[in-house]
Amino acid sequence: LLKQGLSSRISHENAAAIMFASDIQVLETYPGSKISWKSKCLNCGEVIFPKLSDIKQGDGGCKKCGNLKRAKALLNSTNEPKKLML
């Protein structure tokens, strides 16, 4: 059982590559998939603490960038309110 658990662990390099693919630069050694990992958002530069397990499930790592992305998606273009009013 112990061998099985050890063999399924991901290396720091592989974990860091997954984070980098999600625009996250890791700032510490890989702590484990369910532990907050001190990192930096490559989009806005904020220091963040995502979990690898969340990133692998498709959750974004940076709350600030996620909120901005959602806000932009909710905003109408300048022509849309005018069309609605007419």
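Is V47 buried or exposed, or something in between? Let's start with the whole chain and work our way there. What you're looking at is a predicted model, where local features need pLDDT of at least 70 and side-chain atom pairs count only at pLDDT 80 or more, while totals for chains, interfaces and linings use all residues. Residues are numbered from 1 along each chain as its sequence is written, and side-chain values use heavy atoms, with hydrogens and water left out.

The chain has five helices and three strands, taken as DSSP runs numbered from the N terminus (helices are H or I, at least four residues; strands are E, at least two). Of the 86 residues, 21% count as buried, meaning under 20% relative accessible area, with exposed being over 50% and partly exposed in between (1.4 Å probe, protein chains only).

Now back to V47, which sits in strand 3 (residues 47-48). V47 is partly exposed, because its relative accessible area is 44%.

For a contrasting case, look at S39 in strand 2 (residues 39-41). S39 counts as buried, because its relative accessibility is 0%. Its side chain reaches the backbone oxygen of W37 at 2.9 Å. Leaving aside neighbours within four places in sequence, S39 is in contact (heavy atoms within 4.5 Å) with several residues, including M19, L27, V47 and P50.

Methods:
A polar contact is a pair of N or O atoms within 3.5 Å; within protein, one must be able to donate a hydrogen and the other to accept it, and residues adjacent in sequence count only if both atoms are side-chain atoms.
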